[in-house]
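Biologist: Could we go through this model together? Please put it on the screen.

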Amino acid sequence: MTEIKHEKNGSKGSFDIYYDRKKAGSMTYTGADQDTMIIDHTEVSEEFGGKGLAKQLVFAGAKFARENGKKVIPLCTYAKATFEKNADIQDVLA
């Protein structure tokens, strides 16, 4: 079972994913301005690899952006590739 928690601290934030109650990874972002967030890093621990957790983090970020009227600039190579492969989240791209 997975759970994603969102933490925000000023203009920075993260989405942390937990797998069986253990922190498995995170995706960090920075607010470029009021309307834009930059995804700068996505990482999942090796022991949790292959479970699609990083993708879940990117989708959580896209959902957050959509719900808050923000656009996303994916600087992280993983996030950028995930946006390119999934048309259903491309509506939030800046």
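**Burial, fold and core**

Modeller: Of the 94 residues in the chain, 38% are buried, meaning under 20% relative accessible area with a 1.4 Å probe, protein chains only. This is a predicted model, in which local features need pLDDT of at least 70, side-chain atom pairs count only at pLDDT 80 or more, and totals for chains, interfaces and linings use all residues. Residues are numbered from 1 along each chain as its sequence is written, and side-chain values use heavy atoms, with hydrogens and water left out.

Biologist: Which order do the elements run in from the N terminus?

Modeller: The order is β-β-β-β-α-β-α, with 2 helices and 5 strands. Helices (H or I, at least four residues) and strands (E, at least two) are DSSP runs, numbered from the N terminus.

Biologist: Which residues touch the most other members of the largest nonpolar core?

Modeller: They are F15, M37, I39, V72 and F83, in a core of 21 residues. Such a core is a set of buried Ala, Val, Leu, Ile, Met, Phe, Trp, Tyr and Cys residues joined through side-chain atoms within 4.5 Å.

Biologist: And which element gives the most to this core?

Modeller: That is α1, with 7 residues. Two or more residues come from each of β2 (12-19), β3 (22-33), β4 (36-44), α1 (53-67) and α2 (77-85).

Biologist: What does F83 touch?

Modeller: Leaving out residues up to four places away in sequence, F83 touches I39, V58, A62, V72, P74, I89, Q90, V92 and L93; contact means heavy atoms within 4.5 Å.

Biologist: Changing topic, what does the C-alpha trace span?

Modeller: Along its principal axes, the trace spans about 35 × 30 × 20 Å.

Key: Buried means under 20% relative accessible area, exposed over 50%, partly exposed in between (1.4 Å probe, protein chains only).
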